[in-house]
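Have a look at the structure first, then read on.

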Amino acid sequence: MRLVGIIPALVAVAALGGCGSDDSFKISGRIAGGGSATVELLYCPDGAAKRLSVNAMDGKFSIEGQSRQPALGVISVGGRERVATVIVQNGDRLECVLTPDKPFGSEVKGTKSNELLNGFMRSNAEALEQGDSERINGLVAEFVGANRRSTAATALVVSEYVSAGHEVSADSLMGVIDPEARSAGLLLNFTSLLSAQLSSEALGDIIGMSIANRNDSVVRYNPYRQSVSLLAFVGSDRAQRDSVTGLLRGLRKDFNARRVAVIEVSTAADSAEWKRSTAGDSATWTQTWTPSGVASPQYRRMAVARVPFFIVADSTGHQLHRGSSVGGADAAVRGYLKNK
């Protein structure tokens, strides 16, 4: 999952695997390829988000933290996007091999739940990178059916299942998991996430806004200036961007700017990373970045919970489509124009 803004998946979860009685957990490992970089763990013990970071030396690192209850956390390297998802609790001793260039290729060992969770990520890396919501949701549902007694099932529904546009199915899938494998704290946050996607604010009309493009010029976007608009929220991961830019390039090739507004919103950590990640695009569409990303005032109410994420709106700003599927976004734009 490409987590952005306030990470909704960092919630307490109940683990079934055996844990020690120590008063801390430890995550040790190395960065593939070595080198020095900051390794960061963001997790949510006792209901409050906590961030731990260490400097890897010669690629090796060790992070120690505390969580009385099991908690879901994400690991990043060098301030970039997630490279591993873990479940931590006091007594756990995890070993990791982090692969910054392959966000779903990292290895995590140490507890049964983490090994199941990591196994799913590695086995389905291609689908997760492409962000195909239908495929991802099917894979998660299949995993839950086979592992309904495992905390890994709960973690996957919370962190990877694309709930936007599939809220009823997400709620039903969570109900399949044995009660012992899901905590009240997790379900509270899970319900809040679904509510955010269904809120009147998140589903409200897209309004005009001023955005800065790659040439550092400010342009004004208004939905009424074209028949339909596509807002594509994208991270800086190369593989993910390649799948999205194919969609954007195809739409711009087939439709002029009066028919379709194509806007790519980067969630890169800073403007330098944004420009590096888009340097070779030869983009014919609008590319923009803003401090705070999707947490900024102009995007916050859209409730973008993951990347890639697409919003399609008509000329009045009314939202026609919300979701993480490249194919779904393409179909929504073309289908609407076909019926006009």
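Arg 241 and Glu 264 join their side chains in a salt bridge, 2.5 Å from N to O; the term means a side-chain nitrogen of Lys or Arg within 4 Å of a carboxyl oxygen of Asp or Glu. Arg 241 sits in helix α7 (residues 238-254) and Glu 264 in strand β12 (residues 260-266), so the bridge ties together parts 23 residues apart in sequence. Arg 241 is buried at 1% relative accessible area, and Glu 264 is buried too, at 2% (buried is under 20%, exposed over 50%, partly exposed in between, with a 1.4 Å probe and protein chains only). Asp 281 joins Arg 241 and Glu 264 in a network of salt bridges.

A word on the background: this is a predicted model, where local features need pLDDT of at least 70 and side-chain atom pairs count only at pLDDT 80 or more, while totals for chains, interfaces and linings use all residues. Residues are numbered from 1 along each chain as its sequence is written, and side-chain values use heavy atoms, leaving out hydrogens and water.

The whole structure has eight salt bridges, including these:

| Pair | N to O distance |
|---|---|
| Arg 241 and Glu 264 | 2.5 Å |
| Glu 160 and Arg 82 | 2.7 Å |
| Asp 178 and Arg 149 | 3.5 Å |

Glu 160, in the loop between α4 and α5, and Arg 82, in strand β6, are 78 residues apart. Glu 160 is buried at 0% relative accessibility, and Arg 82 is buried at 10%. Arg 149, on the other hand, is exposed at 63%.

Note on methods. Helices (H or I, at least four residues) and strands (E, at least two) are DSSP runs, numbered from the N terminus.
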